[in-house]
Amino acid sequence: MSSPDTLVRMHQVSKQYPNGTVALKGMTLDIRRGEFVSFLGPSGCGKSTALRMLAGLASVTAGRIEWPDGGQSTAADADSHPISFVFQEPTLMPWSTVFDNVYLPLRLKGATRRAVRDEVMATLDAVGLASFADVYPRELSGGMKMRVSIARAIITRPRLLLMDEPFAALDEMTRNRLNDDVLRLWAQHGLTVVFVTHSIYESVYLSNRIVVMAARPGRVIADLPVDAPYPREASFRTSPEYGQLVREVTANLHGAIHDAVAH
Ligand code: ADP
């Protein structure tokens with residue numbers, strides 16, 4: 001049974017690719033509104049596959065994905081509250097300014113620049129880039145490009161924000177800053193986030209729930225609450241509580257890796 005807060009429910013979801021690889025087996029998971037969930041696990045455990053199925057970008061081989069509110073990925077619903085995706089590569093249009101990159105999803109819905117100018121600027125402001133509206137992506141650092149990508153993802157007020165290792169290519173300082181930015185945006189905009197990472201530290205810092213996965217076949221082996229309160233700030237990273245949580249998650253993840261080797 002889903003709780004009233006359930007946004008989306010994966011029920012015994014499996015994915016086998018045409019070449020026979022079982023990328024995911026029997027994944028059952030309720031994602032509740034307002035949660036910040038991380039999918040954590042070694043490479044090849046089906047994290048991206050699970051995310052792509054949630055987004056409707058990959059088909060489900062067995063089991064089902066339900067949106068209890070009737071929020072199936074119908075065209076109409078996708079229009080009002082789409083599912084947004086942020087990838088490791090910011091995938092910006094190099095020939096367009098920062099403003100136009102963030103405006104793109106609204107332009108595709110038929111909104112004029114003038115009608116949504118304030119909204120685009122407010123979103124750029126939320127990611128600290130209001131003064132870069134007229135700049136082209138090539139003039140931005142990696143972290144700034146990622147901020148543009150996040151702004152483009154949240155401007156549609158998505159019912160679900162999916163992030164697939166968005167900061168893996170960034171240096172640690174930038175990554176930490178972006179972690180703080182994402183948490184701030186999550187709280188301010190009341191987002192529901194599923195965040196794929198293979199960093200234990202990142203998953204503990206960000207999430208209120210960590211879904212630990214193992215490979216061959218890809219599957220969920222633990223679903224851990226992270227009860228530390230928000231807002232989490234730099235001091236949380238050095239707190240005993242954080243250290244304890246990291247140890248707990250590490251123990252579970254080691255279980256995942258040993259499991260995978262044994263298979
Ligand atoms: P993760 O994101 O955890 O690294 P993936 O979901 O990318 O895992 O992949 C899970 C498994 O499925 C891996 O063994 C991977 O090689 C395989 N896989 C992913 N995409 C495809 C595909 N399009 N065709 C065949 N196998 C795939």
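Hi everyone, and thanks for coming. Before we look around, please keep in mind that this is a predicted model.

Let's begin with the ligand. Which residues are around the ligand? They are Y17, N19, T21 and A23, then P42, S43, G44, C45 and G46, and finally K47, S48 and T49. Sorted by class, that shell has seven polar residues, four nonpolar ones and one charged one. If you are looking for the element that gives the most to the shell, go to helix α1, residues 47–54, which supplies three residues.

In K47, a side-chain N or O atom is 3.0 Å from an oxygen atom of the ligand. For the side chain of S48, the corresponding distance to a ligand oxygen is 2.9 Å, and for the side chain of T49 it is 2.5 Å. As for how covered the ligand is, it exposes 570 Å² when taken alone, and the protein buries 62% of that.

Let's move on to the cavity. How many cavities of 30 Å³ or more does the structure hold? The count is one, and the largest cavity has a volume of about 30 Å³. If you want to find it on your screens, look for its lining: E165, F167, A168, R175, V196, T197, H198 and E202. By class, this lining has three charged residues, three nonpolar and two polar.

Note on methods:
Residues are numbered from 1 along each chain as its sequence is written. This is a predicted model: local features need pLDDT of at least 70, side-chain atom pairs count only at pLDDT 80 or more; totals for chains, interfaces and linings use all residues. Side-chain values use heavy atoms; hydrogens and water are left out. A residue is near a molecule or strand if one of its heavy atoms lies within 4 Å of it. A polar contact is a pair of N or O atoms within 3.5 Å; within protein, one must be able to donate a hydrogen and the other to accept it, and residues adjacent in sequence count only if both atoms are side-chain atoms. Accessible areas come from the Shrake-Rupley method with a 1.4 Å probe; for residues, only the protein chains shown count as cover. Helices (H or I, at least four residues) and strands (E, at least two) are DSSP runs, numbered from the N terminus. Ala, Val, Leu, Ile, Met, Phe, Trp, Tyr, Cys and Pro count as nonpolar, Asp, Glu, Lys and Arg as charged, and the others, Gly among them, as polar. On a 1 Å grid over the protein atoms alone, a cavity is a set of points where a 1.4 Å probe fits but cannot get out, and a pocket is an open set with protein on both sides within 12 Å along at least five of seven lines; lining residues have an atom within 4 Å of a point. Grid points are joined across faces, edges and corners, and a volume is the space filled by probe spheres set on the points.
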